[in-house]
Amino acid sequence: MKVSIIGAGYVGIPSGVCYAQFGHDVTIIDKDTAKIEVLRSGKCPLYEDGVESMMLSYRDRLHYETDLTTSSGADIIIIAVGTPSDGDGKANMSYVESVLTELKTIINDRTIVAIKSTVPVGTNKWAREILGKGRVISLPEFLREGTAVSDFINQDRIVCGRIDPSVDEDIIKLYGGKDDGRFLFVSPESSELIKYASNAFLAVRLHYVNELADACEMLGADIDEVTAGMGRDRRIGLHFLNAGPGYGGSCFPKDTRALLDFTYGNMELVSVACHNNVHRQLKIGERIKAYCHENDIHKIAVWGLAFKNNTDDIRESPALNIIDCVMKDQDLDITVYDPAAMDNSKSVLGERCKYAKDMYECADGAELLLVLTEWTDFRDLDWGRMNMSKKTIMDYRGVIDRTVACGLGYDIYTVGVGFAKGEK
Ligand code: UGA
């Protein structure tokens with residue numbers, strides 16, 4: 001099939017290389033010429049595992065363009081542009097709208113126009129009205145940043161919202177041609193809602209786990225033991241139970257806000273999760289500042305800036321929100337490090353902190369180490385290279401081995417467990 005993808009972002013690029021793997025001829029289109037030039041040179045402009053090697057393997061089937069009219073003649077045109085939050089939580093639909101307007105002159109009655117961007121319920125109907133032709137479907141994606149390629153290949157379900165069942169066969173073909181039971185053909189409205197409902201459900205689940213972590217600290221329980229016990233129940237499952245500083249990224253915060261907007265605030269549980277998630281990050285920032293005052297700490301090291309591991313994305317990163325709060329205290333000297341998100345973070349944090357070239361340089365001479373993103377490098381740290389001037393760690397991702405840390409004389413706070421004194 002001839003496939004065009006509009007939007008070379010965290011969704012468009014990984015999806016594009018995966019469709020090429022299925023044998024399709026794929027053109028990724030983006031107005032950003034710099035991005036397209038990078039792609040044409042064989043590099044991926046995003047930090048996403050596995051994409052570059054697939055770009056190389058399927059280079060004959062992958063094309064990169066800046067002009068949307070190059071999608072003329074495509075069997076399927078996939079819209080994967082951003083729908084960021086506007087000021088009051090609504091999804092900003094201006095990018096989708098301008099693509100639809102341009103597509104009007106390009107498509108014919110048989111062209112499938114697939115909306116992959118996360119869009120409010122009712123968008124498919126609105127798009128059909130704008131286009132006036134073509135077969136408009138809703139094709140939400142469920143990929144996570146950092147693992148998008150493997151998520152694409154192993155996705156649990158492929159949801160397609162459509163009015164016209166004649167597209168079903170094409171969609172099965174788009175995903176390799178075999179109906180293996182993963183396809184779910186539903187109404188456009190259901191499909192659009194499935195995407196928001198899934199993200200909001202996971203956000204609420206994380207909010208619950210984070211509240212449970214606070215309860216564990218209060219009651220003397222250990223969150224990892226508690227979630228291991230809960231997760232063995234197959235109705236609950238072990239995934240998505242890691243407590244932390246709150247969820248972030250370009251999806252959960254934005255999509256929960258948008259869901260509240262188009263359900264007119266009627267989803268109270270989601271509203272509480274949204275509000276408390278932001279509040280949690282501020283509370284953590286205040287707690288760190290108070291701890292520094294009480295313990296005469298001035299020099300802080302921060303490990304982790306990205307909103308989660310395996311990405312350079314800092315959008316709505318809990319780490320950055322916490323650092324921003326801590327930085328308001330002029331007495332604190334802060335050095336930060338992240339394996340992938342340093343460049344992106346510099347544009348936000350500017351001169352307000354120092355930047356280390358690796359995790360050990362970052363911790364060197366520090367009186368307190370904050371762990372704010374769950375990178376494996378931090379989990380696998382080489383204690384012999386640590387040279388802190390006061391041995392205190394606050395681990396908001398539960399990645400540092402407490403027993404080892406205490407044995408080496410570190411005082412350590414672990415989310416969902418509390419403080420432990422190091423052996424002196
Ligand atoms: C999320 C969804 O997981 C994807 O299914 C969806 O396709 C995507 O949004 C999207 O809408 O495009 P993503 O934002 O990449 O994916 O990140 P997640 O891995 O879901 O993590 C979100 C946040 O939750 C991160 O801040 C992460 O650190 C946090 N998290 C996740 C935890 O604190 N604990 C966990 O156990 C899991």
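Where is D296 found? I looked there first. D296 is found in the loop between α11 and β9, the latter spanning 299-303. I am working from a predicted model.

**Backbone entries**

I checked phi at D296. The value is positive, about 55°, although D296 is not a glycine. I noted the background: most residues other than glycine have a negative phi.

I then looked up N310. N310 also carries a positive phi, about 60°, and is not a glycine. I placed N310 in the loop between β9 and α12.

**Helix pair entry**

Next I took α8 and α9. Two packed helices are described by the angle between their axes and the distance between the axes. I read α8 as residues 188-219 and α9 as residues 223-231. They pack at an angle of about 130°, and their axes are 9 Å apart. That angle makes α8 oblique to α9. I logged the crossing of the two helices as right-handed.

Which residues of α8 and α9 make the contact? From α8 I listed Y208, V209, L212, A213 and C216. From α9 I listed I223, V226, T227 and M230. I sorted the contact residues by type: 8 are nonpolar, 1 is polar and none is charged.

**Cavity entry**

I turned to empty space. Rolling a probe the size of a water molecule over the atoms shows where such space is left. How many cavities of 30 Å³ or more does a search of the whole structure find? The search finds 1. I put the space in the largest cavity at about 60 Å³.

I wrote down the lining of this cavity. By type, I logged 5 nonpolar, 3 polar and 3 charged residues in the lining of the largest cavity.

**Pocket entry**

Last, I looked up the second largest pocket. I recorded about 220 Å³ of space in it. I noted 14 residues in its lining. R257, V278, Q281, E316 and N321 lie nearest the centre of the pocket.

Which elements give two or more residues to the lining of the second largest pocket? I found α10 (252-262), α11 (268-294) and α12 (318-327). The largest share, 5 residues, comes from α11. I divided this pocket's lining into 6 nonpolar, 4 polar and 4 charged residues.

Terms used: Residues are numbered from 1 along each chain as its sequence is written. This is a predicted model: local features need pLDDT of at least 70, side-chain atom pairs count only at pLDDT 80 or more; totals for chains, interfaces and linings use all residues. Side-chain values use heavy atoms; hydrogens and water are left out. Axes are lines fitted to C-alpha atoms, for helices over the stretch in contact, and angles run from 0 to 180 degrees between N-to-C directions. Helices (H or I, at least four residues) and strands (E, at least two) are DSSP runs, numbered from the N terminus. Angles under 35 degrees count as roughly parallel, over 145 as roughly antiparallel, 65 to 115 as roughly perpendicular and the rest as oblique. A crossing is left-handed if the near helix is turned anticlockwise from the far one by less than a right angle, and right-handed if clockwise. Contact means heavy atoms within 4.5 Å. Ala, Val, Leu, Ile, Met, Phe, Trp, Tyr, Cys and Pro count as nonpolar, Asp, Glu, Lys and Arg as charged, and the others, Gly among them, as polar. On a 1 Å grid over the protein atoms alone, a cavity is a set of points where a 1.4 Å probe fits but cannot get out, and a pocket is an open set with protein on both sides within 12 Å along at least five of seven lines; lining residues have an atom within 4 Å of a point. Grid points are joined across faces, edges and corners, and a volume is the space filled by probe spheres set on the points.
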